[in-house]
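Have the model open as you read.

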Amino acid sequence: MVDRAIALSQLWQRWTNRVMQRPEVGSVAAASLLFIFFSIASRGAMVEGSTLARIFDTAWPYGIMAVAVGLLMIGGEYDLSAGVMVATAGTAIGIMAVEWGLNLWLAALLSLFICLALGAWNGMMVVRTGLPSFVITLGTFFGLRGANVALSKHFTGDALIENLDEAAGFDSLHAVLATAFGTPPEDFRVSVLWWAGFTIIISWVLWRTKIGNWIFAAGGDPAAARANGVPVSAIKISLFMLTATAAWFVGISNAVRYTSVQAGQGVGDEFFFIIAAVVGGCRMAGGYGSIVGPSIGALIWGIAFIGIPQAGWNSDWRWAFLGVLLLVATLINHYVGQRAPSEHGD
Amino acid sequence: MAEPEPQAEPAEPAEPAAPTPILEVSDLGVRFEQVTALEHVSVDIYPGEVTCVVGHNGAGKSVFIKALCGLNHPSSGHVKLDGEQVSLDSPRRARALGIFAVHQDLALIPLLSLWRNFFLGAEPVHGWGIFSEFDAHYARTTLIAEMAKLGVDIGDPDRTARTLSGGERQAVAIARALHHGARILVLDEPTTALGVQQAGTVLRLIRRTAERGTAILLVSPRLEHTYPVGDRFLVFQRGHLAADLRKEEVTRDELSEMLSGGGERHEIEAALLSE
């Protein structure tokens with residue numbers, strides 16, 4: 001009996017250790033606590049269907065981007081151009097469909113090629129030059145920030161492209177990317193399902209496939225990874241292209257949903273993606289993290305974004321909240337990261 | 001973690017050193033631009049033996065080792081494996097032939113779990129096409145089994161490599177090389193960064209690995225580590241193989257004398273005294 005009790009307690013300890021060591025455990029706890037806090041502070045308004053719908057509707061674009069940016073961060077790189085690349089995708093599909101009269105599906109495909117090329121450019125430059133991706137993608141950020149607006153004005157005469165719903169193929173593309181379920185104001189967009197699916201697939205790739213193993217290795221110690229035969233350069237370029245694909249998806253989804261595109265949007269969003277990834281437990285220096293974590297990180301942003309005005313506070317506090325959240329999450333990750341080896345008696 | 005217990009696994013019967021060499025090196029030379037780094041090295045390596053490669057920095061011992069691992073290209077000579085001539089032009093090729101190197105710092109990725117490290121770059125998969133998964137169960141059980149073969153209880157396979165002690169790290173790297181088909185194992189200064197106890201563990205492991213029939217090339221500047229486990233000593237001096245001695249033919253002090261300058265030093269001392 002005693003033996004069995006000891007064995008059970010050891011099993012329990014091992015299980016709790018394993019759960020507590022998961023990278024996303026902090027973000028899940030934070031999301032739960034924040035939701036409970038704002039539910040009380042808003043006197044129950046948080047748990048109404050319409051509020052939940054708004055939380056998810058705020059979170060999904062950040063969620064999709066944070067998943068890709070988080071995977072890139074685990075692979076050891078950043079992408080500061082991810083925010084404006086969303087606008088690039090929207091501007092491109094807008095110009096091609098509205099101004100040139102292309103079918104929206106074809107415009108979406110061509111827009112994807114543009115984004116993939118930009119992602120490949122980011123990746124190749126980082127791999128070839130050996131410069132920090134922070135610098136390379138900052139260059140891309142400014143390049144796109146200028147090009148989005150300049151090209152939009154050049155082709156349409158305005159930084160705002162409208163009437164995408166008059167283009168051919170709108171109904172079918174809208175059905176795929178922006179259908180709503182439920183009756184307003186309790187309506188959920190299909191985008192939330194895309195976000196969930198994307199999270200599940202990328203999480204599976206990271207944890208269950210050999211590519212995932214290579215991503216961890218490429219971010220953790222590129223020299224050792226190369227010595228073991230991991231194609232580090234190819235992995236990094238692919239991760240930049242995946243981030244560009246996510247930006248494309250969010251960009252065209254918003255374009256068909258709102259039937260208009262602001263060429264100047266997206267500036268500053270890259271920081272939200274990075275914050276969501278870090279809050280979700282991704283290590284800033286690479287080699288460690290999760291995919292569910294960044295998704296939860298984006299959900300935290302949705303909870304705070306909707307919760308702060310619901311609680312009756314000035315919505316400008318959102319930004320201050322974001323700053324505190326980033327600092328606290330990074331400190332916790334740093335603390336946990338330092339503790340981990342000593343737990344095993346290193 | 002746990003030190004390997006000698007009684008944890010019955011010692012396998014030591015295979016007698018086979019009379020045929022696994023690797024025959026003849027007249028090997030390496031040149032970099034105008035500099036001759038290695039010349040006229042001819043030596044046979046036998047399975048089941050620990051062959052220690054000793055010498056000063058710049059004496060040519062790492063040039064020799066790197067040539068065998070496919071990291072630099074010999075300018076002369078040839079190498080035979082199992083009696084057949086082979087060209088060792090890349091680390092990948094050397095590995096395919098069963099020659100594995102364990103480097104001090106490039107062995108394991110610190111933040112990666114042990115089972116992920118153990119199969120990095122050679123992941124076992126199950127499933128079909130793009131749905132094929134890294135077989136984690138196989139990886140975990142194989143890691144534990146391979147470590148047990150070396151008499152090491154590695155504990156939780158999900159712990160990260162940075163939680164390992166220096167000795168355990170070497171043990172995992174050696175077990176990994178053996179699992180992936182190492183017949184000739186090159187260990188580059190495996191005990192240099194270790195304390196006495198950890199070094200002892202690793203040296204015992206090296207001995208045990210040799211007894212299972214692997215040919216081991218041990219590079220280390222520390223004679224107090226290499227002499228007890230070595231069967232043979234290749235002494236490199238100024239790009240030449242200066243001596244090839246079996247343990248019976250040389251004492252530790254004689255080897256030490258050779259390494260600290262040997263005859264040259266006596267000449268200098270004699271010259272100084274005669275002044």
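A word on terms before the packing: helix axes here are lines fitted to C-alpha atoms over the stretch in contact, and angles between them run from 0 to 180 degrees between N-to-C directions. Keep in mind, too, that this is a predicted model.

Start in chain A with helix H2 (residues 25-41) and helix H13 (residues 292-310): their axes come within 9 Å and cross at roughly 15°. Angles under 35 degrees count as roughly parallel, so that's what H2(A) and H13(A) are to each other. The crossing of H2(A) past H13(A) is left-handed.

Who touches whom? On the H2(A) side you'll find Ser27(A), Val28(A), Ala30(A), Ala31(A), Leu34(A), Phe35(A) and Phe38(A), which meet Gly293(A), Ile296(A), Ile300(A), Ile303(A), Ala304(A), Gly307(A) and Ile308(A) of H13(A). Sorted by class, that contact has eleven nonpolar residues, three polar ones and no charged ones.

Now for the chain pair. Chain B puts 25 residues in contact with 30 residues of chain A. About 2,300 Å² is buried between the two chains, with carbon and sulfur atoms giving 52% of that area. The salt-bridge count between chain B and chain A is one.

Over all chains, the structure holds 15 salt bridges. Here are two of them:

| Salt bridge | Closest N and O atoms |
|---|---|
| Arg208(A) with Glu133(B) | 3.7 Å apart |
| Arg257(A) with Asp57(A) | 2.7 Å apart |

Definitions and conventions
Residues are numbered from 1 along each chain as its sequence is written. Chains are lettered from A and ligands numbered from 1 in the order in which they are written. This is a predicted model: local features need pLDDT of at least 70, side-chain atom pairs count only at pLDDT 80 or more; totals for chains, interfaces and linings use all residues. Side-chain values use heavy atoms; hydrogens and water are left out. Helices (H or I, at least four residues) and strands (E, at least two) are DSSP runs, numbered from the N terminus. Angles under 35 degrees count as roughly parallel, over 145 as roughly antiparallel, 65 to 115 as roughly perpendicular and the rest as oblique. A crossing is left-handed if the near helix is turned anticlockwise from the far one by less than a right angle, and right-handed if clockwise. Contact means heavy atoms within 4.5 Å. Ala, Val, Leu, Ile, Met, Phe, Trp, Tyr, Cys and Pro count as nonpolar, Asp, Glu, Lys and Arg as charged, and the others, Gly among them, as polar. Buried area is the accessible area (1.4 Å probe) that two parts lose on being put together, summed over both. A salt bridge is a side-chain nitrogen of Lys or Arg within 4 Å of a carboxyl oxygen of Asp or Glu.
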